Amino acid sequence: MGSIQYLSLFIFMVVSTITPGPNVVMVTASGANFGIKRTLPHLIGISVGVYIVMGLESLGINQLFNAYPSIPLFIKIAGSVYLTYLGILLFSKGKPNTQSKSERPLYLRESVLLQFLNPKGWILTLTVLSGYTLPGELYWPSTFVVISIYAWTCLFTTGFWMVLGSQIGRILRDEKHWKVFNSTMGALTIGCAVMLWTGF
């Protein structure tokens, strides 16, 4: 790819990953409630999950999806249930309790799992692979470059929201403010679950 294509790819990836979606909402809420250090595994898990998903797509897993439509349907159902569950937990949450062992951010493996359960993420990454990889003997080198750029871009754009969330957490003081914030983020997470069933 030439410099123009790389620039086009980078701009597309920044716009597609920095705009609100399940990852952005969850990592912002986590940054506010748990801070940057404790949210890092969640953030890294997003990029790891993107690497794995795009790697599977480059190997042609979409052909399996076409042959067995029940698989993407299962992903959609599982993704919406998981996001709804996380949204309800967040919606009912008030001021963070740093002494509670039950309150914690997502582990890295849970964040990776979330990428597998996001059908719109599958479509977006497949679009990127289809539009920017090169044919023939350049397919695998270009695939590696595209996946790496996407995963790293995702790391920095969602990292921006994590930092923003941590700054919001410094502003929120009392229980009422925390309740409003977490209820809003919980509702947005549930909204993301609903959106999985629109336009897919």
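## Salt bridges and a nonpolar patch

Let's start with Lys93, which is buried at a relative accessible area of 12%; buried means under 20%, exposed over 50%, and partly exposed in between, with a 1.4 Å probe and protein chains only. This is a predicted model, where local features need pLDDT of at least 70 and side-chain atom pairs count only at pLDDT 80 or more, while totals for chains, interfaces and linings use all residues. Residues are numbered from 1 along each chain as its sequence is written, and side-chain values use heavy atoms, leaving out hydrogens and water.

**Salt bridges**

- The whole structure holds 2 salt bridges (a side-chain nitrogen of Lys or Arg within 4 Å of a carboxyl oxygen of Asp or Glu).
- Lys93 pairs with Glu103, with 2.6 Å between the closest N and O atoms.
- Both Lys93 and Glu103 lie in the loop between helix H4 (70-91) and helix H5 (108-116), 10 residues apart; helices are DSSP runs of H or I with at least four residues, numbered from the N terminus.
- Glu103 is partly exposed, at 23% relative accessible area.
- Arg104 and Glu110 form a salt bridge too, their closest N and O atoms 2.9 Å apart.
- Here Arg104 is partly exposed at 33%, whereas Glu110 is buried at 18%.

**Nonpolar patch**

- A surface patch that includes Ile36, Tyr51, Trp152 and Val163 has about 970 Å² of accessible area together (Shrake-Rupley method, 1.4 Å probe, only the protein chains shown counting as cover).
- Patch residues have over 30% relative accessible area and no salt bridge; like charges are joined within 9 Å, and nonpolar side chains (Val, Leu, Ile, Met, Phe, Trp, Tyr) within 5 Å.
- Helix H2 (22-58) and helix H7 (139-171) each give two or more residues, and H2 supplies the largest share, 6 residues.
- Val163 sits in helix H7 and is partly exposed at 36% relative accessibility.
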